[in-house]
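Trainee: I'm new to this structure. Can we go through some of the labels and what stands behind them?

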Amino acid sequence: MGYQYRHSMWLRTRLFSRSSVNIPQSDRVMHQDVLLSIPVKTHQPRVFLIVGQRNDDGLRATGKQSGSRHTRVVLSHGAGGNTGIWMYQTPVLATKYRVITWDQRGWGRSTNESGQGGNPTTAVADLKALLDLLGIEKAHLVGQSMGGWAAADFAIAYPQRTLSLTLANTYGGLATIDDDILESYGKNVARAAAAGRPANADIADPERTFQFRQIQRLAPSRVTLYREGDGVEGSWLKLHSSDSDKKLEQAAALDLPILIITGTYDPIFPPSVMQQLHKALPNSTLHEIKTAAHSPYFERPEIWNKIVLDHLAGSK
């Protein structure tokens, strides 16, 4: 089986359009979305892709990337997301950039037949294959939560193909789970409760929470990252942070701008942890969104989008 990609476009709301590429009928799937297949020598899962762009004269859906905006931005979702979770980013960023989102292995419409979903090494290989397929030599990388591992690891492995790196509510495996982080986790849960945020609420606004949950239900994850009783110490975070010292050193040596975004009430990657990460990365800037928790891109997209757009504009 090869990698397979679905192409569609965005304009204000999500619009689906069939590509002009001729694909055998047997390769077509739901909603008449077009699939492109990359032949590979080893068994690989299907990975679906959305390419978003908005032109002044409307959208043109073709089988390849085209249009006047050639700078690419790749958005990598977290464990609670999929391609649809970027609904507040894609139309905005696409006014200036070609925006690419993808379902990581085992999320959304991507399969996980190999059982490697949630593995950062596999995610980097998938991301590279995606860029190779589209003929993208360089791109801005944005990773949210779990997606930060794919983005950071790719930047370290392929710095020549990375224009900038955004770590949104994630340390991307560049910090070790230790007592300080565990203590910060507990403190931030208490801080959120003291501020009157609903218990265990990533997004305070109930209407936006409903939106978020519906997107998750449309394309749920088929990967188990957290098991009941593990806690933070025994979690996926701990497992994939074992080589953080080496990776942090490599990330600090990168000659590219790095944006770090955090939310005041984020219990998973508390601001105190993100501040330490910022100090360790010479080329980084840090923005804390005061009224958000772990998903400010969805909770406060107007603030998040401006921060990211400013960062991208300055990353020439």
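**Labels and what they rest on**

Mentor: Let's start with Thr122, which is in contact with Arg105 and Gln116, leaving aside its neighbours within four places in sequence; contact means heavy atoms within 4.5 Å. This is a predicted model, where local features need pLDDT of at least 70, side-chain atom pairs count only at pLDDT 80 or more, and totals for chains, interfaces and linings use all residues. Residues are numbered from 1 along each chain as its sequence is written, and side-chain values use heavy atoms, with hydrogens and water left out.

Trainee: Why is Thr122 called buried?

Mentor: Buried means under 20% relative accessible area, exposed over 50%, and partly exposed in between, with a 1.4 Å probe and protein chains only. Thr122 has 12% relative accessibility, so it counts as buried. You'll find Thr122 in helix H2; helices are DSSP runs of H or I with at least four residues, strands are E runs of at least two, and both are numbered from the N terminus.

Trainee: What makes H2 roughly perpendicular to H3?

Mentor: Helix H2 (residues 120-134) and H3 pack at an angle of about 70 degrees, with their axes 9 Å apart. Axes are lines fitted to C-alpha atoms, for helices over the stretch in contact, and angles run from 0 to 180 degrees between N-to-C directions. Under 35 degrees is roughly parallel, over 145 roughly antiparallel, 65 to 115 roughly perpendicular and the rest oblique. So H2 is roughly perpendicular to H3.

Trainee: Which residues make that contact?

Mentor: From H2 there are Pro120, Ala123, Val124, Leu127, Lys128 and Leu131, and from H3 there are Trp149, Ala150, Asp153 and Phe154. They divide into eight nonpolar, no polar and two charged. Ala, Val, Leu, Ile, Met, Phe, Trp, Tyr, Cys and Pro count as nonpolar, Asp, Glu, Lys and Arg as charged, and the others, Gly among them, as polar.

Trainee: What makes H3 mostly covered?

Mentor: Helix H3 (residues 147-157) has ten of its eleven residues buried, including Trp149, Asp153 and Phe154.

Trainee: How do you know that Thr262 counts as buried?

Mentor: Its relative accessibility is 1%, so Thr262 falls in the buried class. Thr262 sits in strand E10 (residues 258-263). Not counting residues up to four places away in sequence, Thr262 touches Asn169, Phe269, Pro270, Pro271, Met274, Leu286, His287, Glu288 and Ile289.

Trainee: How much of the protein chain is buried?

Mentor: Buried residues make up 53% of its 316 residues.
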